[in-house]
Amino acid sequence: LFLEVIEKAPRVRRAEEAYWMLSNMYMQAFDPPRNKDAVALLEQYLARYPGSRVLDDKFSMFSTPGLPLVKQRLLFLYEQEEMWEKAAALYDEVIPDPKTAHLLDHFIGYGRAMERTGQKEKAIAAYTAYLEQRGNTGDFLEGIAKDRLRELGVQVAPDISVADGTVPDDPGNLESFRGRNGEVFRFRVRGTAHGNIWGD
């Protein structure tokens with residue numbers, strides 16, 4: 001039905017909605033998801049309806065100011081399918097200058113796409129802009145940005161904890177913290193392929 005509306009009545013508002021609903025179906029109703037079909041569909045949408053605000057207005061609760069909903073979904077799909085050239089091109093379009101852009105939550109993805117396409121300087125600019133705009137909060141994405149910068153050969157300030165200014169290394173186990181319910185502790189943890197995990 002969605003395809004029929006798209007193909008036979010492309011100029012009606014419901015056709016634009018059909019694109020969105022069909023992309024949802026491709027991503028969620030199939031196992032495995034038909035992400036590449038969703039990509040082709042949404043790329044066709046952008047070519048057919050450049051600059052349209054229909055979906056952003058209809059589904060405003062899911063949209064990010066300054067980033068059209070279809071482009072937001074395409075960025076997600078490009079990354080899922082490792083279509084890094086397309087991701088990098090779209091990021092360049094929606095974030096022309098990380099120093100002035102306000103789409104801060106997308107800077108890590110931007111940097112990753114630039115790394116995967118060999119654009120090291122743009123990756124560094126994205127991660128650096130993220131850190132400059134986010135501030136030193138000790139949050140998860142800040143840690144990722146710092147780790148990526150270190151991997152790219154850039155010296156960055158050490159991680160800090162909001163509480164006391166340090167993030168200690170993994171203590172090995174948390175038995176010495178038993179009974180301290182409700183408190184928050186930050187540790188730098190590195191994954192391993194062996195060992196046990198328990199607790200909540």
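Biologist: Which residues does Glu17 touch, not counting residues up to four places away in sequence?

Modeller: Bear in mind that this is a predicted model. Glu17 has its place in helix α2, residues 13–28. Not counting residues up to four places away in sequence, Glu17 touches Leu55 and Lys58.

Biologist: Does Glu17 count as buried or exposed?

Modeller: Buried means under 20% relative accessible area. Glu17 has 10% relative accessibility, so Glu17 counts as buried.

Biologist: What is the relative accessible area of Tyr78?

Modeller: Tyr78 lies in helix α5. The cut-off for buried is under 20%. Tyr78 is buried, and its relative accessible area is 5%.

Biologist: Which residues is Tyr78 in contact with, leaving aside its neighbours within four places in sequence?

Modeller: Contact here needs heavy atoms within 4.5 Å. With those neighbours left aside, the contacts of Tyr78 are Val39, Glu43, Met83, Lys86, Ala87 and Leu90.

Biologist: How are α5 and α6 oriented to each other, roughly parallel or roughly antiparallel?

Modeller: The axes of α5 and α6 are 8 Å apart, and the two helices pack at an angle of about 150 degrees. Angles over 145 degrees count as roughly antiparallel. The crossing of α5 and α6 is left-handed. By the angle, α5 and α6 are therefore roughly antiparallel.

Biologist: Which residues of α6 meet α5, and how many residues of each class are in the contact?

Modeller: From α5, the residues taking part are Lys71, Leu74, Leu75, Tyr78 and Glu79. In α6 they meet Trp84, Lys86, Ala87, Leu90, Tyr91, Glu93 and Val94. By class, the contact of α5 with α6 has four charged, no polar and eight nonpolar residues.

Biologist: Why is helix α7 largely enclosed by the rest of the structure, and which of its residues are buried?

Modeller: Helix α7 covers residues 107–116, and seven of its 10 residues are buried, so α7 is largely enclosed by the rest of the structure. The buried residues of α7 are Phe107, Ile108, Gly109, Tyr110, Gly111, Ala113 and Met114.

Biologist: Which helices do the buried residues of α7 pack against?

Modeller: Seven of the 10 residues in α7 are buried. The helices that these buried residues pack against are α5 (69–80), α6 (84–94), α8 (120–134) and α9 (140–151).

Note on methods
Residues numbered from 1 in each chain as written. Predicted model: local features only at pLDDT ≥ 70, side-chain atom pairs only at ≥ 80, totals over all residues. Heavy atoms only, no water. Buried < 20%, exposed > 50% of the residue type's maximum accessible area, 1.4 Å probe, protein only. Helix = DSSP H or I, 4+ residues; strand = E, 2+ residues; numbered from the N terminus. Axes fitted to C-alpha atoms, helices over the stretch in contact; angles between N-to-C directions. Parallel < 35°, antiparallel > 145°, perpendicular 65-115°, else oblique. Left-handed = near helix turned anticlockwise from the far one by under 90°. Nonpolar A, V, L, I, M, F, W, Y, C, P; charged D, E, K, R; others polar.
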